[in-house]
Amino acid sequence: MAVEIANLIVTLPSWGVSDHPLADALAKAGPKFWVNVQISPMKMLQLTNDARQRATLRELADWDEVKDSRALNLIAANPESPEAFAKFDDLVLAIKLRVQRLKYSACDDDTALAFSEVLRACDVDKVGPQEILVPVNTPGSGIELAKRITERAEDNELCLVLEEVDESGTVAKQLIAARQRVVRLPIFGGVKQSLEQTPENDLPIYVLINDVSSVSGVTEGFNRAAKNTADIVWVSSNHGLLSYAVKKCSGSRSLEVPSLNAEEILNKISTDSG
């Protein structure tokens, strides 16, 4: 029987029957670092229905014609926005027709990397993650991202915000408050899932999170299982999210990782001394 030194619950959302790519990579690499990986998505994602997709495309066409000359800022306001964009074929085509006027922004460094890879894979643009505008001081901060976009905006620039249906829309709201021209493009939605099981061994429990809702879902799951939430070690590359999680669960602690790379995460866990 393989020796294990820790548990890692991966709460990243999944698209249908497919696990999140990072969750899959963590599960495959887990044994190398003696970590038991449990994939437990807190949300199942899907593109909006056909009617909503047509409405999104009409909204874009109403605000911006292909032959317009103004700059367009395509913004991944959510960590899952790049993957959703890649799955929305008609929107990808519409953006391709406007590529000469595009600039890009994302909610954090990891999302910028994913966005860069998606833009290349979809043959939209060959842009590196370092060319995508992100918050500098507080990764994931919609307020800081909107401020940086506003400071660098060209005259008459139009912001296209790729977001989740029914999300708070901090980036879009802050841009509108700053008098920027904004088109909100809610292109995907999610159904919350429950944490059905928790590790039954006595090893430390690490939980990889990527948004506020996953914190609530894990906390509720631990309470249902009569497990002490103070035993949780929250894992993320987002300092603000970790602060929220620790505040939400008194007695728990956090482990910040430099990036959402499977081996970096597992190495950090396997060498964590508490």
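Is Asn-261 buried, partly exposed or exposed? In this predicted model, Asn-261 has a relative accessible area of 35% and is therefore partly exposed. The residue is located in the loop that links strand 11 (253-256) to helix 10 (262-270). A polar atom of the Asn-261 side chain lies 3.0 Å from the backbone nitrogen of Glu-264. Between Asn-261 and Cys-249 there are 25 Å in space, C-alpha to C-alpha, although the two are twelve residues apart in sequence.

Cys-249 also takes part in a contact with Ser-252: its backbone oxygen lies 2.7 Å from a polar atom of the Ser-252 side chain. Ser-252 belongs to the loop between helix 9 (239-248) and strand 11. Its relative accessible area is 7%, so Ser-252 counts as buried. Leaving aside residues up to four places away in sequence, Ser-252 touches Thr-229, Ala-230, Ile-232, Trp-234, Ala-245 and Val-246.

Two of these contacts, Ile-232 and Trp-234, point one way from strand 10 together with Ser-236. Val-233 and Val-235 point the other way. In a regular strand, side chains alternate between the two faces of the sheet. Strand 10 (residues 232-236) is mostly covered, as five of its five residues are buried.

Four bridges connect strand 9 (residues 205-208) with strand 10 in the parallel sense, and Leu-208 has Val-235 as its bridge partner in strand 10. Strand 10 and strand 11 are likewise paired in the parallel sense over four bridges, with Ser-236 opposite Glu-256 of strand 11.

Strand 4 (residues 43-47) and strand 8 run antiparallel and are joined by five bridges. Within this pairing, Leu-47 has Phe-188 of strand 8 as its bridge partner.

The largest nonpolar core comprises 32 residues, of which Leu-74, Phe-85, Ile-95, Tyr-104, Leu-160 and Ile-187 touch the most other members. At least two residues of this core come from each of strand 5, helix 3 (81-87), helix 4 (89-96), strand 6, helix 5, strand 7 and strand 8. Phe-85 touches Leu-74, Leu-91, Val-92, Ile-95, Val-118, Leu-119, Val-124, Leu-162 and Ile-187, residues up to four places away in sequence not being counted. Another core, of 21 residues, lies apart from the largest one and includes Val-10, Leu-12, Leu-22 and Leu-255. In soluble globular proteins, nonpolar side chains tend to be buried together.

Two aromatic pairs are found in a search of the whole structure. Trp-15 and Phe-188 form a tilted pair, at 6.0 Å centre to centre and with 45 degrees between the planes. Trp-15 lies in strand 2 (residues 14-15) and Phe-188 in strand 8 (residues 181-192), so this pair ties together parts that are 173 residues apart in sequence. Both partners are buried: Trp-15 has a relative accessibility of 13%, and Phe-188 has a relative accessible area of 0%. The rings of Tyr-104 and Phe-115 have centres 5.9 Å apart and planes at 85 degrees, so this pair is edge-to-face. Because Tyr-104 is in strand 6 (residues 102-106) and Phe-115 in helix 5 (residues 109-121), the pair ties together parts that are eleven residues apart in sequence. Tyr-104 is buried at 5% relative accessible area, and Phe-115 is buried at 0% relative accessibility.

Notes. Residues numbered from 1 in each chain as written. Predicted model: local features only at pLDDT ≥ 70, side-chain atom pairs only at ≥ 80, totals over all residues. Heavy atoms only, no water. Phe/Tyr/Trp six-rings, centres within 6.5 Å; stacked < 30°, edge-to-face > 60°. Buried < 20%, exposed > 50% of the residue type's maximum accessible area, 1.4 Å probe, protein only. Pairing = 2+ DSSP bridges. Core = buried A, V, L, I, M, F, W, Y, C linked by side-chain atoms within 4.5 Å. Contact = heavy atoms within 4.5 Å. Polar contact = N/O pair within 3.5 Å; in protein donor to acceptor, adjacent residues only side chain to side chain.
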